[in-house]
Amino acid sequence: MSPDRLSRIRPRRQPQQERSIQRVDAILAAAAKLIADKGVNAMKMTELAVEAGVPIGSLYQYFPEKAAIVKALFDRHSVAVQAKSETAFASVESLDHALDIVCSIIDWYYREYRNDLAYLGVWLGTETDKDLLRLNIQHSKRSAEIFREGISHLIPPDSRIDMQARSYMFSHLIGASIRLAVMSDDELAARMLAEWKTVIRATLFAEPDPA
């Protein structure tokens, strides 16, 4: 992504003083509420300024456009998920233990965001904007790296698994499956995630068939 393209989703400035930090927090809280109520596409910068109780000029002082606000909310989510993964995979004892951790993170992920409509709106926003979609993909890549760092000492030297490719793919699919579950009713969501965890346990560390 070119620097010019990246500038549209970067904050114009980072708040330093307490008052500025509180103002940005108010903007992001208001954005989360509006996204939950009506979605990213329907949210307007003018109504966001009113909801946050800030002048429209102050809003643009921090965020050049709506995509930059979505990115700021997305970053907060990514930090929370990655921190959870880093803690969980810090002391993996076996590959079976690693599978248990993956499944427990799926359960945590679903519980954490099941009733968070702003989360779903932000994720949908990342899928309709190419620059934000790249951030989503980078998040999947970093989550996969955290996983590989945790289990690298458990993979046999003669393993034929392309763990980089496989963990990257599974990381992205886990996020997609949880978003599908969040959009479904409770009963179907539970069934889908149970099936997905069964697939993960059967395939994540399965050796490929010899060529």
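1. Basis. The model is predicted: local features need pLDDT of at least 70, side-chain atom pairs count only at pLDDT 80 or more, and totals for chains, interfaces and linings use all residues. Residues are numbered from 1 along each chain as its sequence is written, and side-chain values use heavy atoms, without hydrogens and water.

2. Helix 2 and helix 5. Helices are DSSP runs (H or I, at least four residues), numbered from the N terminus. Helix 5 spans residues 66-88. Its axis and that of helix 2 come within 10 Å and cross at roughly 95°. Axes are lines fitted to C-alpha atoms over the stretch in contact, with angles from 0 to 180 degrees between N-to-C directions. Helix 2 is therefore roughly perpendicular to helix 5 (65 to 115 degrees).

3. Their contact (heavy atoms within 4.5 Å). Helix 2 supplies Asp25, Leu28, Ala31, Ala32 and Ile35; helix 5 supplies Ile69, Ala72, Leu73 and Arg76. Seven of these residues are nonpolar, none polar and two charged. Asp, Glu, Lys and Arg count as charged; Ala, Val, Leu, Ile, Met, Phe, Trp, Tyr, Cys and Pro as nonpolar; the others, Gly among them, as polar.

4. Helix 7 (residues 117-127) and helix 8 (residues 130-151). Their axes lie 6 Å apart, at an angle of about 110°. This pair is therefore also roughly perpendicular. Trp123, Gly125, Thr126 and Glu127 meet Leu132, Leu133, Asn136 and His139. The contact has three nonpolar, four polar and one charged residue.

5. Asn41. This residue sits in the loop between helix 2 (18-38) and helix 3 (45-52). Asn41 is exposed, at 65% relative accessible area (exposed means over 50%, 1.4 Å probe, protein chains only). Its C-alpha atom is 9.7 Å from that of Leu124, 83 residues away along the chain.

Notes:
Helix = DSSP H or I, 4+ residues; strand = E, 2+ residues; numbered from the N terminus. Buried < 20%, exposed > 50% of the residue type's maximum accessible area, 1.4 Å probe, protein only. Parallel < 35°, antiparallel > 145°, perpendicular 65-115°, else oblique.
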